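Subject: Structure handover

Hi,

Here is the structure you asked for. My notes follow below it.

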Amino acid sequence: MTLLSQRTAAALLTAALLFPSGFGLTAEADEHKAVLVVTADAGDYILAAGGTIAKMLDDGAAGYLVRVTNDDKDSWGLNPEETARRTRDESEKAAEILGFKEVESLGYRAGELGGVSPTELRDRILFYIRLYKPTVMFIPNPYAEYVEALDRFYVGQAAEDARRAASLSNYQPPFAVVGLETHVTPELYYYAQPFDPRRREAESSATFVPQPKTLDIASTFDKKLQAAQALKTINHSMAMRIKDRLESTGRRLPLLDKVDEASVGKLVEINVRKLAEIAAKDTDYSQAEEFHYAGVEYQIPSKYLQ
């Protein structure tokens, strides 16, 4: 066996282990692009990936959102039940603005995923992968550092496992009885808000390992902002918490001297714009989002397919 054929065999074996049902986009999948977004809470995917997702949906992809928690903790002066009701309505409005076709809310209580079985969470996400058969997935990056909301870690970990498990027939075989066959998702975007100073470090060679990727969102920034502003209950809570913490230490933010719809909307705009500017730093873009990306070119080197 030649050195090249040895390398080819090794690459094919690795690809087969990682993607046992095959790899690459089929012509049919390319023509009927579906995007599945998994998010721990109503706002995370919007702030980290909303512009990129909106662009794909504007270009004709069918969008499906799986929101894992009910955001019942994220309000100011409301009980958990009312908070969950309002945030569900508002999250569906935000998803509508971005262009999603369906929104699935799993209803887990926010901040309590640490007590949920990882297998249970994985299999519930696996169900939607086999149901919607996405060509692209967006999931929280479970490897991001300095993320205080641990729900995002648990969801990212479960979603990553679900993507792999969805391609293997011995995971949840009863699904096949109702027509939910195995499915391979060729493209995966890991998203996180740009707080991690190591976020742009390449982890390895491009093959088989997600790599940093920055995308221009100037054309869909306004839509992203509108979606973020639609989360009125969560945004009001954020504004009140900022105001309360500043005042407790003798400081103030003039914008929040009066917390109303206008001031909260402006606060959200400042946040969304600044995140887009941070992601665009050292690029040719004015507004951007950044990811770790695992796509078809990372599943097997193109030279081995010639």
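α9 (232-248) gives the most to the lining of the largest pocket, with 7 residues. α3 (44-58), α6 (150-165) and α10 (261-280) also supply at least two residues each. Helices here are DSSP runs of H or I with at least four residues, strands are E runs of at least two, and both are numbered from the N terminus.

Before the rest, two notes on the source. This is a predicted model: local features need pLDDT of at least 70, side-chain atom pairs count only at pLDDT 80 or more, and totals for chains, interfaces and linings use all residues. Residues are numbered from 1 along each chain as its sequence is written, and side-chain values use heavy atoms, with hydrogens and water left out.

**Pocket**

The largest pocket has a volume of about 1,200 Å³. It has 39 lining residues, and the closest to its centre are Asp74, Ala149, Arg152, Gln193 and Arg241. By class, the lining has 20 nonpolar, 9 polar and 10 charged residues. Nonpolar covers Ala, Val, Leu, Ile, Met, Phe, Trp, Tyr, Cys and Pro; charged covers Asp, Glu, Lys and Arg; the others, Gly among them, are polar.

The search ran on a 1 Å grid over the protein atoms alone: a pocket is an open set of points with protein on both sides within 12 Å along at least five of seven lines, a cavity is a set where a 1.4 Å probe fits but cannot get out, and lining residues have an atom within 4 Å of a point. Points are joined across faces, edges and corners, and a volume is the space filled by probe spheres set on them.

**Cavity**

The whole structure has 1 cavity of 30 Å³ or more. The largest cavity holds about 50 Å³ of space. β7 (288-294) provides the largest share of its lining, 3 residues. The lining residues include Leu47, Gln193, Lys224 and Glu289. They divide into 7 nonpolar, 1 polar and 3 charged.

**Helix α4**

α4 covers residues 80-98.

Notes:
The expected span of a helix is 1.5 Å times one less than its number of residues.
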